[in-house]
Amino acid sequence: MNGPLLDVRDLKKHFAPRTSWALIGPAPVVRAVDGVSFHVAEGETLGLVGESGCGKTTTARLLLRLEQPSGGHIMFAGAPVEAATGARLRQYRTQVQAVFQDPYGSLSPRMRVRDIVAEPIEVAGQFSRKQVDERVQELMALVGLSPRMGSRYPHEFSGGQRQRIAIARGLALQPRLIVLDEPVSALDVSIRAQILNLLQDLQERLQLSYVLISHDLDVVAHMCTTIAVMYLGKIVEMGPSKRIRDAPQHPYTQALFSARLPAHPSGQRQRIRLSGEVPSPFDPPSGCRFHTRCPMVMPICRQVEPPFAAAAGGGGVACHLAPAALQQGQRGEAVLSD
């Protein structure tokens, strides 16, 4: 296959409110995802980061086709899937699976574990009972669980074990891409590293591609090949993980990543506070959407939306100051308003 496994171009999802606005004028539209573009190669991981409400989870739902895009294109293995239906959509969903945030809520408490893992295989309807049983045992061993545990119910497992079960279920149909939506945020800190190591081992062993959504910037920096930073429905910066982590060029990216603890206990950083709240997606600001909170705002930022231009070190950034002014090393520790 030539080109990336997943290629997303100008993806949009606009929601109309549930209430009627017929008597008071045109209904406003929530621009949850508003022109997002990225790609994921075979065996690589793209991380989506940003504050709550920036559009990360909606983007994931669009990739999983749990939501229908309002515009743009999703190309998978060279074929468009944004409008796929019927057999074509079912085939796509076998190739793109998900592991969700809460292992306590994503597993049916009424089903035995072997049945939870077997369900996607049985729905596919291509295997005998013996083949399904063998595949379930193989999957449980693959994620570090004894096949003998298959007769138990989810409540009999720890949080980390439940997430292993969810991962086994996600692997059941041998997907090529897995969307990881906050896969360790509900787990104890002592268990998170085990699950992340498992995901990395599986990626290397099975040549999986991941789209990772996380608020934990250390997890993203550790796991991802490429990082895309979202703000109010748009990607404001994207690039190789090391470049984003060590030399962010957009003021918002700087704020996010400088909030991480320093690598060494003696390290110190100047605090940068972002004032104000994230604007409403009903009525996003003109020009750069970040200008209402940006400590480096200029008049042009309020009027003209910055183009997404190539950035030093790889990737791109949407900022009128980047890359020249922001390459000079203005860094700090940010406290983001809730």
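Which side chain makes a polar contact with the side chain of D7? In this predicted model, the partner is R9, at 2.8 Å. D7 sits in strand β1, which covers residues 6-15. Is D7 buried or exposed? D7 counts as buried because its relative accessibility is 15%, and the cut-off for buried is under 20%. Beyond its neighbours within four places in sequence, D7 is in contact with F38, H39, H73, I74 and M75.

Now step back to the sheet. Four strands make up an open sheet, ordered β2-β1-β4-β5, with antiparallel pairing. The edges are held by β2 (30-40) and β5 (79-80). Each has a single partner strand, so one side of each lacks a neighbour in the sheet. In general, strands of a sheet pair through backbone hydrogen bonds. Strand β4, residues 71-76, is joined to β5 by two bridges. There, F76 stands opposite A79 of β5. Helix α1, residues 56-63, packs on the sheet and touches β1, β2 and β4. The direction of α1 makes about 115 degrees with that of β1.

Next, the nonpolar cores. In soluble globular proteins, nonpolar side chains tend to be buried together. The largest nonpolar core here has 61 residues. I167, L171 and L202 have the most contacts inside it. Take L171 as a way in. Leaving aside neighbours within four places in sequence, L171 is in contact with R135, L139, L142, V143, I178, L202, L206 and L208. Another core, of 31 residues, lies apart from the largest one. Its members include L5, L11, L63 and Y92.

Notes
Residues numbered from 1 in each chain as written. Predicted model: local features only at pLDDT ≥ 70, side-chain atom pairs only at ≥ 80, totals over all residues. Heavy atoms only, no water. Buried < 20%, exposed > 50% of the residue type's maximum accessible area, 1.4 Å probe, protein only. Polar contact = N/O pair within 3.5 Å; in protein donor to acceptor, adjacent residues only side chain to side chain. Contact = heavy atoms within 4.5 Å. Pairing = 2+ DSSP bridges. Axes fitted to C-alpha atoms, helices over the stretch in contact; angles between N-to-C directions. Core = buried A, V, L, I, M, F, W, Y, C linked by side-chain atoms within 4.5 Å.
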